[in-house]
Amino acid sequence: MSTREPARSPREVLAFLREREVKAVDLRFMDFPGLWKHFTVPAGAMTEDVFEDGIGFDGSSIRGWMPINESDMLLVPQPDTLFIDPFCRDVTLAMICNIQDPLTKEDYSKDPRNVARKAVNYMKSTGLADAAVFGPSLEFFVFDEVRYDQTSHSAFYQVDSAEGEWNTGRAERPNLGYKVPYRQGYFPCPPTDAVHDLRSEMMLAMTECGMTVESHHHQRATGGQCAINIRYDELVPMADNVLKYKYVVKNVARRHGKTATFMPKPLFEDYGSGMHVHVSLWKNGVNLFAGSDYSNLSDTAMYALGGLLKHAPALCAITNPTTNSYKRLVPGYEAPVNLAYSQRNRSAAVRIPVYSSRAKSKRLEYRVPDGAANPYLAFAGMVMAMLDGIRNKIHPGPPLDKDIYDMPPEELKDLPRVPQTLEDALTALQRDHEFLLHGSVFTEDVIETWIDYKRAEEVAAVRVRPHPYEFALYFDA
């Protein structure tokens, strides 16, 4: 089911360097929470041995990784991930790398890409499926300016966008109007859609980087909310593409003096940005999710759906990994709050798209995740939850084919909900992570490090700082 070109050998990569007169090679990998890291070497430093032996680097300063007394690590370039970086002044080839321990040559357990690769290998070893196909739909904001600060005696943030509804009365000499009203940003044409050309440039840059783009459009919120839809692929290369996607979006925005963010909820009282993940499992070229059950799903799909919903609170700690994520997961903004499923219904945590009746198009759309997630860990966690559902025949129960936001409280009270805070999600993960440990895909050390890091560096850090709105609530107490 992959849409990629055939894998290249190290020798072919070196030939590519010569043919394209590449001057530098940029080596990329991901830290534990989910940011791309890199360093660059001259093109002449690349030999066939590098692809086997790797290049040494200090891993002690990478978030969530090794202590300083065990800091030496190996970075091993993967030939089939190469692309020419469209933003470098000199011709630069980029490659994504795996991380290895230099003593044992084993893949490093806290390398997120390694976790994703192990999830695929474990899935194949069960015999249940041989391919997990992902099609994430990422949303993001493009702003003209962002300012924020936190000191011992002050805290503030401010974002701005020329198309923001809040600027209808600003003296712009002249202000031409064409602002996007709150919650009415879906599909307007230019000039109201002020970032159309910017998205087209992003689309073309993604194509240069080897990705297949299906469409782009303005999203629902005011203030420059956008979406660019890319073609599905198998788990690991799709997680690679999510990183390329974010890299392209941010750098094209910067090229034009703007800034882009995948922060889930940068605006109050408007839509947030999600990462709706379309997923299906395949075996021998056959879509295992196609059948004759509800919405033409198979029993396998229903059990996979049951696994997703059962483990959703724990998964949220990985798929919605920031304190800001839970400001998006609130009623009224098309973000899923209740753990239910339905065909066509975007208020459900899992939607079954009905655009096509073809067997190869049957899939689940898991609408909970957001773009702040580490895609390797998020997709791996989803696969492990689905495999657990299939293995244990976890049926999700009846669908909820109604607008959940309009349901009366007495009907909603027994519906399970997503966690309301990151701390709640981390507690859920602490209680429910056995399903992630099968095949040593996630290890106890990985789970423990993730929970400890998030609690110490994010939950506690936000909890101890006064919030600006607290002054409005309590200053005159």
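The questions and answers below concern a predicted model.

Me: Is His276 buried or exposed?
Reply: His276 sits in strand 14, which spans residues 275-283. The cut-off for a buried residue is under 20% relative accessible area. His276 has 8% relative accessibility, so this residue counts as buried.

Me: Which side chain makes a polar contact of 3.4 Å with that of His276?
Reply: Leaving out residues up to four places away in sequence, His276 touches Gly135, Pro136, Ser137, Glu139, Arg328, Glu365, Tyr366 and Arg367. A polar contact needs N or O atoms within 3.5 Å. At 3.4 Å, the side chain joined to His276 by such a contact is that of Arg367.

Me: Which residues of helix 8 meet helix 3?
Reply: Helix 3 passes helix 8 in a left-handed crossing. From helix 3, the residues involved are Pro112, Arg113, Val115, Ala116, Ala119, Tyr122 and Met123. Their partners in helix 8 are Tyr376, Leu377, Ala380, Val383, Met384, Leu387 and Arg391.

Me: How are helix 10 and helix 12 oriented to each other?
Reply: Helix 10 (residues 422-431) and helix 12 (residues 444-463) pack with their axes 10 Å apart, at an angle of about 165 degrees. The contact includes Leu422, Leu426 and Leu429 of helix 10, along with Ile447, Trp450 and Ile451 of helix 12. Angles over 145 degrees count as roughly antiparallel. The two helices, helix 10 and helix 12, are therefore roughly antiparallel.

Me: Which residues touch the most other members of the largest nonpolar core?
Reply: The largest nonpolar core has 127 residues. One of the residues asked for is Tyr245, and beyond its neighbours within four places in sequence, Tyr245 is in contact with Leu138, Phe140, Met206, Met211, Ala227, Ile228, Ile230 and Phe262.

Me: What is the separation of the C-alpha atoms of Asp293 and Thr207?
Reply: Asp293 lies in the loop between strand 15 (286-287) and helix 6 (299-319), and is partly exposed at a relative accessible area of 32%. Not counting residues up to four places away in sequence, Asp293 touches Asp299 and Met302. Asp293 and Thr207 are 86 residues apart along the chain, and their C-alpha atoms are separated by 38 Å.

Me: What is omega for the cis peptide bond that joins Pro190 and Pro191?
Reply: Most peptide bonds are trans. The loop between strand 9 (155-160) and helix 4 (196-208) holds Pro174, and a cis peptide bond joins Arg173 and Pro174, with omega about 0 degrees. Pro191 is found in the loop between strand 9 and helix 4. For the cis bond of Pro190 and Pro191, omega is about 10 degrees.

Me: Is Glu21 buried or exposed?
Reply: Glu21 is in the loop between helix 1 (10-19) and strand 1 (24-30). Phi of Glu21 is near 50 degrees, a positive value in a residue other than glycine. Because its relative accessible area is 57%, Glu21 is exposed.

Notes: Residues are numbered from 1 along each chain as its sequence is written. This is a predicted model: local features need pLDDT of at least 70, side-chain atom pairs count only at pLDDT 80 or more; totals for chains, interfaces and linings use all residues. Side-chain values use heavy atoms; hydrogens and water are left out. Helices (H or I, at least four residues) and strands (E, at least two) are DSSP runs, numbered from the N terminus. Buried means under 20% relative accessible area, exposed over 50%, partly exposed in between (1.4 Å probe, protein chains only). A polar contact is a pair of N or O atoms within 3.5 Å; within protein, one must be able to donate a hydrogen and the other to accept it, and residues adjacent in sequence count only if both atoms are side-chain atoms. Contact means heavy atoms within 4.5 Å. A nonpolar core is a set of buried Ala, Val, Leu, Ile, Met, Phe, Trp, Tyr and Cys residues joined through side-chain atoms within 4.5 Å. A crossing is left-handed if the near helix is turned anticlockwise from the far one by less than a right angle, and right-handed if clockwise. Axes are lines fitted to C-alpha atoms, for helices over the stretch in contact, and angles run from 0 to 180 degrees between N-to-C directions. Angles under 35 degrees count as roughly parallel, over 145 as roughly antiparallel, 65 to 115 as roughly perpendicular and the rest as oblique.
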